[in-house]
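This report looks at how parts of one protein chain pack against one another. Please keep the sequence and the structure open beside the text while reading.

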Amino acid sequence: MRLCNTGANAWADELGDALSYHWLGGEGERLEGVRTSLPARVEPGGCVVLPAELRAPARPGPYTLVWQPVREGVAWYGPGSGAATTEVRASAPRDAFAALSLSLPPLQAGLPALAPLALENRGDETWLPGQGLKVSYVWTGPDGHVLEGIRTELPEPAEPGEVVELELRVRPPDAPGTYELAPRLVREGEAWIAPEQELAAAAIVGPPALAWDLVAADWPSRLAASDSDAFTVTVRNTGAEAWSPAAGDRLSYRWRGEDGAPLQHEGMRTELPHAVAPGETATVAVRVAGPPRAGSYTLALAMVREQVRWFPPPTGGPSEHVVKVTLRAAWWQSALVLATVATVVLARRRRPAPGSWRWAALDLVPALWLWAALAGLGAAFHELAAIDLWQGGRAASISAAAVPGLFVLLVPGRLRSWLAFVLSLGTAVLLLADLLYMHVLGAIVPVQALIGAHQVGAIGASVRALLRPEYAWLGAAPLAGLVLACAWPRPRAQARPSPRTRRRVTLAGAAALLLASLPLATSLGGAMRSGLGSRVFSEQHNAGRFGVLGAHLFDVVRTLAGALGQRSLSAAERAEIAAFFAERDEAPPPGFGLARGANLLVIQAEALQGWTIGASVAGQEITPFLNRLRGRALYYGAVVDITAQGMTSDAEYAILNSQYPLGQGAVAFLRAGNRFETVAHALKAAGYATLSAHPFKRGFWNRATLHPRYGFDRSLFDRELGPGPVIGWGLADEAFFARMLPELAAAPKPFFAFLVTLSLHHPYDEFPPALRRLQLGALEGTSLGNYLHGIHHLDAALAELFAGLEAAGLADSTAVAIYGDHDARLGVTPEIAALAGEPAGSPSLRLRLERVPGFLVLPKGQVVGEVDAVGSHVDLAPTWLHYLGVPAPPAFVGRPLVPARAGPGVAALPDGSAVGDERLFAVAGQDIPPGGACFTAPGARIEREACSGLVERARRALAVSRAIADHDLARALPSGTDPGP
């Protein structure tokens with residue numbers, strides 16, 4: 001607004017001058033408006049331009065708006081000239097409502113509760129759950145201070161004029177007292193909406209239900225870094241509610257550094273030994289894990305009710321204690337240096353007589369010293385990396401340290417001490433590289449990474465930034481080795497024992513080292529025979545299983561086995577690959593580029609199976625939000641789960657690369673060095689920023705290595721996402737999505753974001769009671785019951801995500817894709833068959849239920865409907881690129897899933913089974929004969945020959961895809977016709 005001073009006096013903010021207005025209603029009412037401060041002093045005859053705040057009347061209807069300056073406490077300036085008066089019609093507010101009834105239960109400080117609430121929609125739009133509108137409230141305290149409440153989703157749609165009843169989620173203030181609660185509607189990031197007539201409920205908030213006092217603690221004064229220890233604590237229940245292990249009440253702790261800053265992760269949990277009523281005490285042996293670095297830390301005990309809240313601070317004395325954290329590695333390495341010096345001094349002072357066999361015995365010492373040095377280095381690494389050894393891992397670690405000693409015995413005696421020094425130095429450098437590699441990528445350095453070792457110089461500054469002072473202790477062993485190499489006594493030629501004596505002593509030493517190596521050899525042999533050589537979840541797990549040196553030996557064995565088993569493509573195989581791609585229809589089907597330029601948000605949902613969509617249990621929808629989303633999205637109900645041993649990582653590979661996974665092992669480890677060409681690469685070439693996120697360890701499934709190779713500019717894991725409520729292995733889905741919304745809002749546009757959820761994970765042995773929303777009856781507490789709770793929780797988290805996208809202004813510019821990564825690994829039980837609406841016992845049922853749902857929500861709903869074309873994970877990325885108007889990479893095996901797609905659909909399963917549009921072929925299973933069986937799509941058995949065409953199409957797709965992975969051909973197919981030599 002441009003405002004001019006036509007009077008004789010200056011206007012100034014310090015004089016109380018401001019711009020305001022009046023609303024003049026048709027029935028004579030006069031409503032005073034809000035003030036807008038003047039941005040500067042306005043002299044007589046001067047003008048100022050300012051953004052004037054205008055708040056509409058509470059009731060709709062015609063009004064006259066009269067702008068007037070005001071000097072607070074003195075007078076209004078009176079009507080002005082120009083455009084000071086205008087006629088305005090105030091329309092009904094979009095989200096107007098009336099709070100009809102509210103009933104608050106007895107409340108205790110900090111303890112969540114549910115309050116029945118009835119609301120009437122008096123706006124002009126339908127309220128839709130999951131569309132950004134939520135129910136909340138405000139607390140007004142005795143001092144007038146206002147506290148914002150938590151949110152509750154609308155349970156059902158409400159047309160204008162309709163009444164909706166819900167259970168309002170209420171979290172009382174932490175301090176007891178008298179409060180008023182007033183219902184509100186809220187559109188996140190947009191507005192809070194008050195009812196047309198205030199309905200406030202008075203509440204007396206009682207003492208906290210969850211409160212505690214520390215009675216006594218046998219505090220530790222010292223603790224080894226990354227080590228766990230236990231000490232006795234006695235706590236008293238000073239709250240109003242009983243504690244119990246079943247309710248999730250546990251004793252935990254947090255660490256703070258010398259600067260008072262909290263360490264990132266929460267502490268271990270300790271179960272209570274029994275239920276504790278108010279006023280009672282419990283004595284607990286609390287287990288704590290020390291911080292990974294040495295120093296002085298404050299250990300603060302804390303109580304927690306899992307999935308509900310942390311207890312307030314204790315009501316009595318302090319619950320903190322300063323603990324000195326030390327490195328055992330410092331003691332071990334210091335002891336090694338002192339022992340080496342003492343051994344050298346003793347050997348030089350007590351030289352054997354000329355020709356004595358003891359000279360040959362002294363030649364064994366470098367090999368035995370190397371064994372001890374490497375065992376100490378391995379132990380130091382595990383402490384510095386905070387990796388616990390598994391059961392049997394310590395024996396394997398010590399056994400692995402004996403192997404290099406065998407190589408020392410192969411050289412002449414006078415060179416052994418020098419070789420021992422070189423090997424100790426090389427091992428120390430390797431373990432230092434492991435520490436740095438693990439910090440960045442979450443894994444020890446694999447053999448394949450040595451190919452890129454020449455790039456270390458280019459990232460020298462980054463490497464130096466990761467170095468820690470305590471890593472210097474890895475240099476103690478090479479220092480001791482240098483002392484050994486320089487000062488170890490060596491006999492003169494005439495003083496040496498006979499060659500026969502030297503051989504006998506050397507063989508005895510080699511036999512001892514071989515015997516010491518047997519535990520590792522047994523472990524590695526068993527691992528390779530069991531298939532672990534091809535199925536690896538995490539290199540960190542291997543370090544815990546075999547020790548870090550054993551894990552490196554395992555990596556070498558696995559890599560050699562893979563290299564020796566590799567062969568070149570034959571001419572017939574090259575011709576088959578060329579023919580496969582030459583048969584493709586190059587003309588894109590209808591709909592190409594409908595959502596050109598839109599962001600793409602992809603959500604890989606852990607263990608989301610197709611039969612859960614639309615299913616219900618005891619009259620309750622398992623996926624209410626996804627059921628509604630199905631009506632405004634492209635829904636793919638015939639996407640087949642094709643994952644194999646790599647499970648989640650197989651799904652990522654198949655989705656991003658449009659390639660079938662390996663039959664044995666996982667691309668994530670066996671082909672991690674390939675030059676991939678993914679959907680992320682295609683979108684980057686089209687100008688997209690790329691981002692991936694997963695709320696778990698960066699090294700799991702080798703993601704920290706693979707995701708950059710898959711084309712992601714940035715990747716966020718548990719370290720970047722930070723701590724929060726945990727379900728199963730990692731961050732709860734709703735917290736994960738909430739952390740990602742600001743990242744998406746701040747990302748350069750257009751973006752491609754790939755989110756991998758984790759809350760729902762096999763074996764489904766528990767689900768937090770506080771988050772259970774379904775009434776499951778006999779299924780409660782079973783693996784299937786916990787799985788259903790998890791799916792329901794995921795569904796609610798997705799509703800929150802879509803609401804967040806709406807609030808952030810991203811909904812109209814973002815295509816959202818959701819799919820399940822693999823089946824739940826629960827088999828096909830009668831209970832699952834009943835939930836899926838299928839008769840149990842059919843031989844084809846397993847194959848018919850091997851489905852994962854797919855959703856694609858295009859901006860502004862350009863296309864909706866159900867796509868019944870059969871496909872698999874490999875077909876989803878080509879579908880997304882199709883609608884975004886981006887050509888798919890030449891090596892993509894999949895094709896867009898669109899209604900008008902040319903050619904029959906096929907999904908090839910890793911065991912050779914296949915699914916087509918009209919046929920199913922099962923290789924094995926209940927009542928499946930040798931050679932397989934053929935079924936119609938509904939499941940009726942037919943002659944095997946009817947599936948021969950389907951089996952051949954599946955075989956070709958698998959063969960081509962496996963060849964692309966095995967021979968790294970993704971970037972060697974410029975036009976999809978020639979795989980090269």
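This is a predicted model: local features need pLDDT of at least 70, side-chain atom pairs count only at pLDDT 80 or more; totals for chains, interfaces and linings use all residues.

Ala753 lies in strand E37, which covers residues 751-756. Although Ser692 is 61 residues apart from Ala753 along the chain, the C-alpha atoms of the two are separated by 5.6 Å. When residues up to four places away in sequence are not counted, Ala753 touches Leu600, Leu601, Val602, Leu691 and Leu744.

| Residue | Relative accessible area |
|---|---|
| Thr427 | 12% |

Thr427 is found in helix H4, which covers residues 413-441. Once its neighbours within four places in sequence are left aside, Thr427 is in contact with Leu374, Leu377 and Leu549.

In soluble globular proteins, nonpolar side chains tend to be buried together. In this model the largest nonpolar core holds 80 residues, of which Trp212, Val233, Trp243, Leu299, Leu301, Trp369 and Phe381 touch the most other members. The element that gives the most to this core is helix H2 (residues 357-385), with 13 residues. A second, separate core has 58 residues, among them Leu601, Ala605, Phe625 and Phe802.

Which residues is Leu301 in contact with, leaving aside its neighbours within four places in sequence? They are Trp212, Leu214, Trp219, Phe231, Val233, Ser252, Tyr253, Val286 and Ser319.

The next topic is a sheet. Three strands form an open sheet in the order E19-E21-E24, and their pairing is antiparallel. Strand E19 (212-217) and strand E24 (281-289) stand at the edges and have a single partner strand each, so one side of each is left without a neighbour in the sheet. From one strand to the next, the twist averages 40°. Strand E21, which covers residues 228-237, runs antiparallel to E24 and is joined to it by nine bridges. Within this sheet, Thr234 stands opposite Thr283 in E24.

Note on methods
Residues are numbered from 1 along each chain as its sequence is written. Side-chain values use heavy atoms; hydrogens and water are left out. A nonpolar core is a set of buried Ala, Val, Leu, Ile, Met, Phe, Trp, Tyr and Cys residues joined through side-chain atoms within 4.5 Å. Buried means under 20% relative accessible area, exposed over 50%, partly exposed in between (1.4 Å probe, protein chains only). Helices (H or I, at least four residues) and strands (E, at least two) are DSSP runs, numbered from the N terminus. Contact means heavy atoms within 4.5 Å. Two strands pair if DSSP finds at least two bridges between them. Axes are lines fitted to C-alpha atoms, for helices over the stretch in contact, and angles run from 0 to 180 degrees between N-to-C directions.
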